[in-house]
Amino acid sequence: MKPWTQNGSAHLTGNERDPVIIIGAGASGMMAACAAAGEGARVLVLEKNEKPGKKIYITGKGRCNFTNLCDTEDFFTNVPRNASFLYSSVYSFDAHAARDWFEAHGVRTKEERGQRAFPISDHASDITRCLVQEMKRLGAELWLNTEVKELLFSSAQHGEVLGVRLADGRKLKTRCVIVATGGLSYPSTGSTGDGYRFARSAGHQVSRLSPSLVPFNAAEEDVMQMQGLSLKNVTFTVEGKKRHLFQELGELMFTHFGVTGPLILKASALVQDEIAKGPLRAWIDLKPALTVQKLDARILREFEGSQNRSVRNAIRGLYPSKMVPVILKRSGIDPDLPVHEMTASARKQLIGHTKQFALTLTSLRGFHEAVITRGGVDVRQIDPGTMESKLVKGLYFTGEVLDVDAFTGGFNLQVAWSTGRAAGEAGGREYGL
Ligand SMILES: Cc1cc2nc3c(=O)[nH]c(=O)nc-3n(C[C@H](O)[C@H](O)[C@H](O)COP(=O)(O)OP(=O)(O)OC[C@H]3O[C@@H](n4cnc5c(N)ncnc54)[C@H](O)[C@@H]3O)c2cc1C
């Protein structure tokens with residue numbers, strides 16, 4: 001894929017109409033560019049990286065789970081923060097519309113488990129290439145290696161946009177800026193939080209920023225012995241003061257620092273405020289399909305006919321091998337104990353640790369491992385239909401820079417498509433002609 005303008009060499013001249021300027025050639029910025037150019041606006045996208053869509057390349061493990069094809073009502077149940085802000089933009093351009101859009105622009109798509117949509121090629125680059133080609137077809141300009149340092153406006157709050165200042169000192173004039181700079185997660189992809197600074201300079205509130213959809217650190221040292229072990233069909237519960245903060249069945253994995261995997265990432269989005277105050281108690285039910293009685297019967301069955309075998313060998317069929325020494329130690333059982341010497345109370349201990357394998361979650365991992373950023377530009381100061389600032393005319397915010405976040409499964413990219421499109425259409429129509 002060859003970008004058609006490398007670094008702003010094609011200067012804007014004074015006698016052309018002012019472009020709609022979009023900061024960031026990520027998911028939402030490129031969708032906004034297509035929408036604004038589709039409205040007939042002159043569009044200029046400024047991207048500080050050497051190529052567009054760097055984060056898109058790593059989404060869905062390189063396959064890009066670009067949306068989720070659930071009912072639009074269900075979509076909002078996957079947005080734990082500020083879902084109602086998204087009603088207008090998502091209903092205007094929902095997951096099905098997004099898939100149709102990519103199909104219409106040459107990306108063949110497929111649906112997988114959990115209604116997750118991917119390009120049929122399993123290549124995230126198809127999504128980026130499609131967006132770049134459509135921007136080009138519509139005549140939008142893309143300047144790479146071009147970092148925006150500052151927004152220029154007549155005055156913060158109740159002012160209007162006048163332009164942007166680039167890192168090399170150049171100033172570009174415009175009446176419309178769409179900030180699509182992403183959040184703080186995976187900063188190597190270019191999302192280094194510049195948009196929050198721009199928002200503050202315009203008088204916007206930015207809510208507390210924290211990593212989300214992120215692994216947990218755990219206090220227990222034996223977790224390290226199980227590094228790399230993945231558990232499917234287990235229940236993960238995070239305890240709260242009065243009720244469980246999280247309880248769900250799914251898949252998780254042990255790491256050298258704690259736990260990760262789909263269940264864990266989802267839990268991280270829901271316990272942010274609580275873990276900020278201190279460690280949380282959690283447990284894994286390793287056999288959620290079995291009651292205590294059934295599990296006891298199952299263990300006794302494993303023991304039948306192997307009375308002289310060590311417990312370690314006798315329970316091999318019940319636990320993954322990396323877990324056997326850990327769970328026996330936690331249960332206070334000598335792994336070499338012959339089965340016939342195992343007491344009922346020892347069995348009770350084993351069952352207890354199987355149904356409630358305890359973990360102390362000490363903290364979340366950092367932004368460099370987080371799928372998204374929680375927090376951002378306060379949506380109460382943004383028009384939900386257009387994404388325009390209620391404080392500064394001609395200033396728009398889209399995608400992850402907003403204080404909206406969703407679970408894994410394609411929902412976050414859909415937020416980028418929907419909000420990007422809303423801003424592009426509105427900005428293009430209002431200021432681009
Ligand atoms: C590992 C990983 C996997 C993921 N997988 C999925 C998935 O499969 N499905 C899903 O829905 N979501 C996924 N996400 C989340 C999703 O990628 C983001 O929510 C989405 O990319 C946000 O889009 P955005 O356009 O707001 O920001 P970004 O895609 O981050 O784009 C922001 C762009 O702005 C540029 N920029 C920033 N500041 C400036 C500046 N000052 N001047 C010029 N340019 C600037 C950046 O370089 C960047 O190109 C994943 C995230 C990660 C980290």
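Trainee: Which residues of strand E10 point one way, and which the other way?
Mentor: Cys176 and Ile178 point one way, Val177 and Val179 the other. Strand E10 covers residues 176–179, and all four are buried. Buried means under 20% relative accessible area, with exposed over 50% and partly exposed in between (1.4 Å probe, protein chains only). Strands (E, at least two residues) and helices (H or I, at least four) are DSSP runs numbered from the N terminus.

Trainee: Before I go on, what kind of model is this?
Mentor: A predicted model: local features need pLDDT of at least 70, side-chain atom pairs count only at pLDDT 80 or more, and totals for chains, interfaces and linings use all residues. Residues are numbered from 1 along each chain as its sequence is written, and side-chain values use heavy atoms, with hydrogens and water left out.

Trainee: Back to E10, then. How many bridges join it to strand E1?
Mentor: Four, and E1 (residues 20–23) runs parallel to E10. Two strands count as paired if DSSP finds at least two bridges between them. Look at isoleucine 23, whose bridge partner in E10 is valine 179.

Trainee: And how does E10 pair with strand E19, parallel or antiparallel?
Mentor: Parallel, over three bridges, with E19 spanning residues 395–397. Valine 179 turns up again here, opposite phenylalanine 397 in E19.

Trainee: What packs against those strands? I'm looking at helix H7.
Mentor: The buried residues of H7 pack against E10, E1 and E19, and also against E7 and strand E18 (372–374). H7 runs over residues 194–201, and its buried residues are Asp194, Gly195, Tyr196, Phe198 and Ala199.

Trainee: What comes just after H7?
Mentor: Glycine 203, which takes a positive phi of about 90 degrees.

Trainee: You mentioned E7. In what order do the strands sit in its sheet?
Mentor: E7-E8-E9, an open sheet of three strands with antiparallel pairing. Strand E7 (148–153) and strand E9 (171–173) are at the edges with a single partner strand each, so one side of each has no neighbour in the sheet.

Trainee: How many bridges are there between E8 and E9?
Mentor: Three, in the antiparallel sense, with E8 covering residues 161–166.

Trainee: New topic: where is alanine 36 found, and is it buried or exposed?
Mentor: Alanine 36 is in helix H1, residues 27–38. It counts as buried because its relative accessibility is 0%.

Trainee: What is it in contact with, beyond its neighbours in sequence?
Mentor: Setting aside neighbours within four places in sequence, alanine 36 is in contact with Ala41, Val43, Gly424, Glu425 and Gly428. Contact means heavy atoms within 4.5 Å. Glycine 432 is worth a look too: alanine 36 and glycine 432 are 396 residues apart in sequence, yet 7.6 Å apart in space, C-alpha to C-alpha.

Trainee: Last one, asparagine 78. Where is it found?
Mentor: In the loop between helix H3 (72–77) and helix H4 (87–92).

Trainee: Is asparagine 78 buried or exposed?
Mentor: Buried, with a relative accessible area of 16%. Leaving aside neighbours within four places in sequence, asparagine 78 is in contact with Ala406, Phe407 and Phe411.
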